[in-house]
Amino acid sequence: MTKRLLMIDDDPDFVAGIKSILDSAGEFEVDVAYNPKDGLKALQTREYDLLLLDIMMGRGAEGVMIARKLRKDPKLREMPVLIITGMREQIAFLFPGEPIHPRFVEVDELVEKPVEPKLLLEKVKSLIKTAEARKVNP
Amino acid sequence: MDTKSRILLIDDEEVVRDSCEQILAGGPYEIASASDGVAGLRLVEEFHQNLIFVDLKMPGISGFEVLEKISAMDPTIVMVVITGFATVSSAVDAMKRGAYDFLPKPFTPEEFRLITRRGLEKRRLTLETIALRREKEMLREHFAHIVSHELKAPLSAIQQNLFALEFELTRDLTPAQKEKFDRTKVRMDELLQMINSWLKVISADIGKLKEGFKQVSVKGEISHAIETVQPIAARKDVEIVTTIDEDLSPILGDGLSLTEVFVNLLGNAIKYSRDGGRITVTAKAEGGEDVISFKDEGIGISPDELPHIFEGFYRGKGGQEAASGHGIGLAVSRQIVEAHTGTIQVESEPGKGSTFSVRLPKLKLGEPV
């Protein structure tokens, strides 16, 4: 069954690169929002199996704000989030304790831009699978 | 905040304190006074003064001592010495202990007003300089973040599209086309890695580099660096000859940064080599260190340029022209090497070539890895 993904990232060229990899895998339908506002709106209007989220957007780390909102929303709390960021080192301070694990917003995974197709598909598939298992067997 | 300048008088003579207060009365000043060094020092801590007058000859602790103690508390405080025994040597002594100026007794009201204004002006300039320096530091940090976003974002987008293109074409690619993809991807990846390492250095957080230290084979990093620059060397028909000791020991460090240092040094060696020239890379264990040297037979560096070539990004006065040819690469290299508690040195003879030597301390047995 086709999985529905939402990508929120303000760099259209980067999005194009990710989207075409996901498209050619043939298992996903990908919606895109190019700013946090459109992204939040999309999340309220459609149901998604996974969110691909950029961190540095607009005036700062607005992706963090989105992730925080999601985790407070009873409807969206369980949705898996894959953070795709170019600033892993720079945003490390947002992740207290371990440098990489984004515990502070409890997102599921974090990969660095640019991301190899194999790694991207692997992460996307495994996150969706884990989330589904969680739904069946909470 | 009030706009009055706060002035502290430390003098044992009541008549001096009173007359000073009278001279400044009516002006935009707030004045506090102390009759000995101990009371004065206590006031310094709470009065937030812009300027302090200190009498040199007082009972109890001497004016010199007061100057020294205040300087130690805050070297930016401006102090003017008042004394009835004005000699050149005591003036020099006072200056050495942090005094800004000297006022011999007796003085006219006009002299006192003048020196007060000058002292306050000095204080203002000192604070301004500090603020400017702070701003410069912040700019540097911001610069690092701007660079990271502005350079990395387009590179990531390019690389991501390249990934996508290859992924989609993968079955139709001939081996030669595949090789071109690989070449491009590797170079792009190196570029991104380089920006990352530069960022680490520019943001002056060498500590972060150290957090990731592990056991590194110097030999491996040298080979990797040579591999990286080989295509550039080939274009100039430059030969790279290596002599690497087998007993080279592993060191504690960051492999990627060290490779970057070697790539940098090799890159410069190639750049300043003549076509068809030769570069000799030697690595050997010497005492407690691994010594890696890169010798070229190129144009060399003139003696007056030599002291400046590692300044790069942080170059001082007059260094700008001298260092421009080397960009920030050598400065970054030096910082990386120093983060490894190593040293980097250069010897050069114009027309004959240069030798850059990197010394890295060996990983000691039993040292945590």
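A269(B) is located in helix 9 of chain B, which spans residues 255-271, helices here being DSSP runs of H or I with at least four residues and strands being runs of E with at least two, both numbered from the N terminus. The model is a predicted one, in which local features need pLDDT of at least 70 and side-chain atom pairs count only at pLDDT 80 or more, whereas totals for chains, interfaces and linings use all residues. Residues are numbered from 1 along each chain as its sequence is written, chains are lettered from A and ligands numbered from 1 in the order in which they are written, and side-chain values use heavy atoms, with hydrogens and water left out.

With a relative accessibility of 3%, A269(B) counts as buried, a class defined by a relative accessible area under 20%, with exposed meaning over 50% and partly exposed the range in between (1.4 Å probe, protein chains only). When residues up to four places away in sequence are not counted, A269(B) touches I279(B) and D296(B), contact meaning heavy atoms within 4.5 Å. The C-alpha atom of A269(B) is separated by 9.4 Å from that of A233(B), a residue 36 positions apart along the chain.

The largest nonpolar core comprises 35 residues, of which F262(B), V281(B) and I292(B) touch the most other members; such a core is a set of buried Ala, Val, Leu, Ile, Met, Phe, Trp, Tyr and Cys residues joined through side-chain atoms within 4.5 Å. Elements of chain B that give two or more residues to this core include helix 8 (218-235), helix 9, strand 9 (278-286), strand 10 and helix 11 (329-339), and helix 9 supplies the largest share, 7 residues. Another core, of 23 residues, lies apart from this one and has F14(A), I18(A), L82(A) and V124(A) among its members.

S293(B) itself belongs to strand 10 of chain B (residues 289-296) and is buried, with a relative accessible area of 15%. Beyond four places in sequence, the contacts of S293(B) are T280(B), V281(B), T282(B), T355(B), F356(B) and S357(B).

Considered as a whole, chain B has 11 helices and 12 strands, and 42% of its 369 residues are buried. Among its contacts between residues at least 6 apart in sequence, 67% join residues at least 24 apart.
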